[in-house]
Amino acid sequence: MDDRMFRTAMGKFATGVTVIASEANGDVHGMTANAFMSVSLDPKLILISVGKNAKMNQTIQEAQKFTVNILSDSQQEMSMIFAGQLKDREVAFDTFEGMPVIENSLVSLACNVYDSHEAGDHMLYIGEVINLSVQDGEPLTFFEGKYNNQVTS
Ligand code: FAD
Ligand code: NAD
């Protein structure tokens with residue numbers, strides 16, 4: 001099976017979109033991710049999967065904490081910025097529990113790294129949620145490689 005077939009299949013699973021954010025040595029770093037899931041209620045655990053080549057790994061491993069920001073349908077630009085699809089944009093982060101968060105997200109989760117595992121070409125980070133904020137709104141979604149069922153020619 002080739003990579004394209006696998007990505008096409010995985011792209012049939014409709015997801016929301018998050019931006020993972022963390023700060024180490026005074027540098028705030030963000031990365032768009034849809035590999036996110038809820039794991040456990042007791043304790044409150046979530047999971048993210050980060051490609052081994054992503055700069056995000058260095059920041060999370062140094063900080064040992066990160067935030068997950070679930071984007072609303074008005075935040076596609078944020079997803080594109082933190083996936084490297086829109087370049088050289090200034091983003092003002094809010095601070096929550098001493099960690100960087102994307103303002104106006106549907107949800108921001110402040111997490112301490114609870115565990116991490118290597119899995120193929122990705123790193124899995126289990127985060128223990130220490131606090132969260134929730135806002136009303138509609139989600140940004142990702143399906144078949146497109147946002148919110150956009151049609152591309
Ligand atoms: P970079 O590529 O260096 O950073 C990402 C971008 O964010 C750069 O353009 C950078 O300039 C910008 N940026 C970072 N910090 C700041 C800041 N403080 N201010 C302003 N701009 C900043 N990859 C995964 O590993 N796992 C996933 O689950 C995943 N899901 C994705 C879902 C979607 C919908 C998309 C579009 C992409 C997804 N990706 C995922 C791919 C991932 O977002 C990109 O490969 C990303 O570029 C990797 O980021 P990086 O940490 O290597 O850092
Ligand atoms: P795409 O067709 O590449 O992605 C469709 C689905 O395939 C994604 O939702 C994800 O489930 C899976 N996928 C894609 N790349 C993957 C990877 N390297 N590792 C594991 N699963 C992967 O959609 P697209 O619009 O071309 O994506 C934009 C960029 O973002 C691409 O470079 C893609 O590789 C990357 N991306 C990476 C991940 C990830 O690492 N988990 C997830 C989504 C998108």
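Buried means under 20% relative accessible area, exposed over 50%, and partly exposed in between, with a 1.4 Å probe and protein chains only.

**Ground rules.** This is a predicted model: local features need pLDDT of at least 70 and side-chain atom pairs count only at pLDDT 80 or more, while totals for chains, interfaces and linings use all residues. Residues are numbered from 1 along each chain as its sequence is written, chains are lettered from A and ligands numbered from 1 in the order in which they are written, and side-chain values use heavy atoms, with hydrogens and water left out.

**Overall look.** I started with the secondary structure, and the protein has three helices and twelve strands (DSSP runs numbered from the N terminus: helices are H or I with at least four residues, strands are E with at least two). Its radius of gyration is 15 Å, close to the 15 Å from the globule rule for 153 residues, so the protein is as compact as a globular protein of that length. For that check the radius is taken over C-alpha atoms, and the rule is 2.2 Å times the number of residues to the power 0.38. The C-alpha trace spans about 45 × 35 × 35 Å along the principal axes.

I then looked at burial: 39% of the 153 residues count as buried. The protein exposes about 9,200 Å², and carbon and sulfur atoms supply 49% of that (Shrake-Rupley with a 1.4 Å probe; for residues, only the protein chains shown count as cover).

Contacts came next, meaning heavy atoms within 4.5 Å. Among those with a separation of 6 or more, 64% are between residues 24 or more positions apart.

For charges, I found 10 positive and 20 negative, with mean positions 8 Å apart. Lys and Arg count as positive, Asp and Glu as negative, and His and the chain ends are not counted; each charge is placed at NZ of Lys, CZ of Arg, CG of Asp or CD of Glu.

**Cores.** Which residues touch the most other members of the largest nonpolar core? I get Ile-20, Ile-46, Ile-48, Ile-60 and Phe-66, out of 18 residues in that core. Such a core is a set of buried Ala, Val, Leu, Ile, Met, Phe, Trp, Tyr and Cys residues joined through side-chain atoms within 4.5 Å. At least two residues each come from strands E3 (27-33), E5 (45-51), E6 (65-70), E9 (107-119) and E10 (122-134), and from helix H2 (56-63). E9 gives the most, with four residues.

Not counting residues up to four places away in sequence, its contacts include Ile-20, Ile-60, Phe-66, Val-68 and Leu-124. There is also a second, separate core of ten residues, with Val-19, Leu-71, Ile-81 and Val-91 among them.

**Asn-57.** This one sits in helix H2. Buried or exposed? Asn-57 is buried, at a relative accessible area of 6%. Beyond its neighbours within four places in sequence, Asn-57 is in contact with Val-50, Gly-51, Lys-52, Met-123 and Tyr-125.

Tyr-114 lies in strand E9 and is partly exposed, at 45% relative accessibility. Leaving out residues up to four places away, Tyr-114 touches Pro-43, Leu-45, Ile-126, Gly-127 and Glu-128. Leu-45 is 69 residues from Tyr-114 in sequence, with the C-alpha atoms 8.1 Å apart. I checked omega at Asp-42 to Pro-43: it is about 5°, a cis peptide bond. Pro-43 is in the loop between strand E4 (36-40) and E5.

**Positive phi.** Gln-64 is not a glycine, yet its phi is positive at about 60°. Gln-64 lies in the loop between H2 and E6 and counts as partly exposed at 42% relative accessibility. Asn-104 also has a positive phi, near 65°. Asn-104 is in the loop between strand E8 (99-102) and E9, and is exposed at 52%.

Glu-90, in the loop between helix H3 (76-82) and strand E7 (93-96), is exposed at 83% relative accessibility. Asn-148 comes in the segment after strand E12 (146-147) and is partly exposed at 30%. I list its contacts outside four places in sequence as Asp-73, Pro-139, Leu-140 and Thr-141. Asn-148 and Gly-16 are 132 residues apart in sequence, but 9.3 Å apart C-alpha to C-alpha.
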